[in-house]
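Dear colleague,

Please find below the structure that I am handing over to you.

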Amino acid sequence: MSGDHTVKSYDQELQHLNDLVLRIGNLARDQLQRAVDALKARDPDAARDMIARDALVNDLDIEVDDHIVHVIGKRQPMGPDLREILTVGKVVTDLERVGDEARKVAMLCLHFCDGAGSSSSELIVRDLIDMADSVDGMLDKAIRAFAGRDLKLAVECIRLNVDLDSEFRSGLEQLAAFIREDPHVVGDVVETVLGLRAITRIGGHAKNIGGYVVFLVKGKDVRHEDLEAVAAEVESPD
Amino acid sequence: MNQGSADKTRVDRTARKTVGDFTHPDPRITCRNVSVHYGDKCAVRNVDLDIGRNEVIALIGPSGCGKSSFLRCLNRMNDTIEGCRVSGEFRMDGNDLYDPDMDVVLLRAQVGIVFQKPNPFPKSIFDNVAYGPRIHGLAQTRAGVEEIVETSLKRAGLWEEVKDYLNDPGTSLSGGQQQRLCVARAIAVNPEVVLMDEPCSALDPIATARIEELIDELSELYSIVIVTHSMQQAARVSERTAYFHLGDLIEVGATDEVFTKPQHKLTEDYITGRFG
C-alpha cells in the first residue's frame, strides 16, 4: 500500500518504516533463537552475548519511533497511510518486548550454568524449548502477515495463541509434577516458570501483531475481540 | 437513512456511485439529482446531498471536481454566471430554492457566503456589517443597526480588535481580519446557512486558526458548508465530509471515518496523496 504517492519521497519514507519493522522482527526472532540455543547448550557466554545484543533491538525501536514522528510531522498522514504508521508503531513496540522476553530465557540459561541447576534440568526445560519452537513459528507468521498484509496469517497467529495458552497450562502442570516427585527441584522449576511465562508472552506479542494487521487492512480494531469475531471481521466485505 | 451505494453489504470501491449516507436526520437543505453545466461541460452530475441543521459539512476534492459549483448552487450564485445551467431539486426547510418566485436577494441573506479572498466593501468597518441589515430592513433605528453590528462583530471574533476603529475602511484590516469582517457581514443578516469557499486559502496559520475556531462557534447557530483544499482543515472543522471527483459525489460520511477509513478507492487515493 505504501507506493504510488504523488510525492515519491513519501513512498520511500513509508517503505523505510516497513523495512525497519522487518529488520527488528528478524532481529527479535534471532534473539529468541540465540537464547534457546544457549539454553539447550548450557552456554553462558552465548547467553550473555544474547543479552548484550538486546541493545540492538532497543536501538531499532527508537529509530522507528523517531522516523514515525518525522513522517507524521512532515506528511500528516490520512486513511490507510495513517493506519500503516500507527500499526508500525504498535508492531515495533511488541517486537521490542519480544526481545525483552527472550532475554529472560537467556537468564534461565545462566541460572542453570551457575551451578544452581539440578541434574534433571534438561527434562524440566523440555516443554519450554518445544514451546519456544512453536512461538518462533508464530513470530514468523506474524512478521509475514505484516509484510504481506496477509489476513489469513494474521488470524492464524491469533488462533495459535489460543493453543499456546493450553500448552502453557499443560507445561505448568508438568512442572508441578516435577516438584511433587523431587521437592529439591523447586528452584529450577520457579526459574523455568518465569521462562515459560516469557515464551507465552512472546506468543501473545505475535498474536497482537496479527490483530494489528487486521486493523491495518480492515480498519477495525480487533485487539479485544475473540478469535471467532476476528475471523468474522476478516471474512466480512470491505 | 438512505444508502448512496446500491449494495449495502459490499461497497464498490471503483464505481462512480455515491458511497455512504447522503441524507441527514435533521436536514436544513436537501439537494436531489443536482447537475450543473457550463455550456456543454458537465461540472456536477446527479448529486444527492443533505445539509444538516447546525452541522459543518466539508466539500473536498481536486480542482475542477465540482465542489465550488455545487456550493454556489445553494444560494443561486450560479445564476450570475453566463452559460451556467443548474438542474435538480433544492429545498430549504421544504421551500424550493429555485422557485421562480423566490426572492434571490433574500435567499442570499438566508444562505450567506464567504469567499476565498476577503472582499470587504470599500466602506468603513461599520458600514460593511451594517449594509445587509439596512437593505433588508432588519433594524429601523441607528441604535438597532449598531446593536446588530456589535453582535455580528463579536460573533465573528473581531469586535475587540476593531471596536475603536469602526469608521476606518474595511480594507485597512489585515487579511485575516478582513475575512472575519466578511463573516460578520454574512451573519449580520441572520442567515440559516453560511457557505465558505476556501475561506482560509489566503490566510496565515494564525488567521486560519481563528477562522476555524469561528466555524466551531458559529456552528451552534448556523449550518456551515465549507469547501477546502486542506484535508487537515476539513478533518478539524467538519462533522461530515463529502468527496467530489470529476463532477460526481463519490463518498459522503462522518469526517472521522472518511479520513481514517475511506470506503471508496478514489477518496482513499485523494486523501493519501495518490491522486493523479
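**Backbone and loops**

With a relative accessibility of 54%, B:Asn190 counts as exposed. The model is a predicted one, and the values given here were computed from it. B:Asn190 is placed in the loop that runs between helix H6 (175-187) and strand S7 (193-197) of chain B. Its phi is near 55°, a positive value in a residue other than glycine. Most residues other than glycine have a negative phi.

A second case is found in chain A. A:Arg149 is not a glycine, yet has a positive phi of about 50°. The loop that holds A:Arg149 lies between helix H5 (126-148) and helix H6 (151-181) of chain A.

**Chain A as a whole**

Chain A is built with eight helices and zero strands. Its radius of gyration is 20 Å, close to the 18 Å that the globule rule gives for 238 residues, so chain A is as compact as a globular protein of that length. Along the principal axes, the C-alpha atoms of chain A fill a box of roughly 65 × 40 × 20 Å. Of the 238 residues in chain A, 48% are buried.

One of the buried residues is A:Ala28, which has a relative accessibility of 0%. A:Ala28 belongs to helix H1 (residues 8-41) of chain A.

**Salt bridges**

How many salt bridges are there over all chains? The count comes to 32. Side chains of opposite charge can pair when their charged atoms come close. Three of these pairs may be described individually.

In chain A, the side chains of A:Asp30 and A:Arg53 form a salt bridge, with 2.9 Å from N to O. A:Asp30 lies in helix H1 and A:Arg53 in helix H2 (residues 44-75) of chain A, so this pair ties together parts that are 23 residues apart in sequence. A:Asp30 is partly exposed, at a relative accessible area of 29%.

A:Arg144 and A:Asp140 also meet through their side chains in a salt bridge, at 3.4 Å from N to O. These two residues are separated by about one helical turn, because they are four residues apart in helix H5 of chain A. A:Arg144 counts as partly exposed at 43% relative accessibility, and A:Asp140 counts as partly exposed at 23%.

In chain B, a salt bridge of 2.7 Å (N to O) links the side chains of B:Lys154 and B:Glu150. Both residues lie in helix H4 (residues 142-155) of chain B, four residues apart, which is about one turn of the helix. B:Lys154 is partly exposed with a relative accessible area of 46%, and B:Glu150 is partly exposed with 29%. Elsewhere, salt bridges that share partners join B:Asp26, B:Arg28, B:Arg53, B:Asp93 and B:Glu192 into one network.

**A sheet in chain B**

Chain B holds an open sheet of four strands in the order S2-S1-S4-S5, with antiparallel pairing. Strands S2 (41-52) and S5 (95-96) of chain B stand at the edges with a single partner strand each, so one side of each is left without a neighbour in the sheet. Strand S1 (residues 27-38) of chain B runs antiparallel to S2(B), and eight bridges join the two. Within this pairing, B:Pro27 stands opposite B:Gly52 in S2(B). Strands of a sheet pair through backbone hydrogen bonds.

**Cysteines**

There are zero disulfides over all chains of the structure. B:Cys73 is in no disulfide, and its nearest cysteine sulfur, that of B:Cys84, is 6.6 Å away. B:Cys73 counts as buried, at 0% relative accessibility. B:Cys84 is likewise buried, with a relative accessible area of 15%.

**A surface patch**

B:Tyr131 is located in helix H3 (residues 125-135) of chain B, and is partly exposed with a relative accessible area of 37%.

Yours sincerely

Notes: Residues numbered from 1 in each chain as written. Chains lettered and ligands numbered in written order. Predicted model: local features only at pLDDT ≥ 70, side-chain atom pairs only at ≥ 80, totals over all residues. Heavy atoms only, no water. Disulfide = S-S within 2.5 Å. Buried < 20%, exposed > 50% of the residue type's maximum accessible area, 1.4 Å probe, protein only. Pairing = 2+ DSSP bridges. Rg over C-alpha atoms; globule rule 2.2 N^0.38 Å. Salt bridge = Lys/Arg side-chain N within 4 Å of Asp/Glu carboxyl O.
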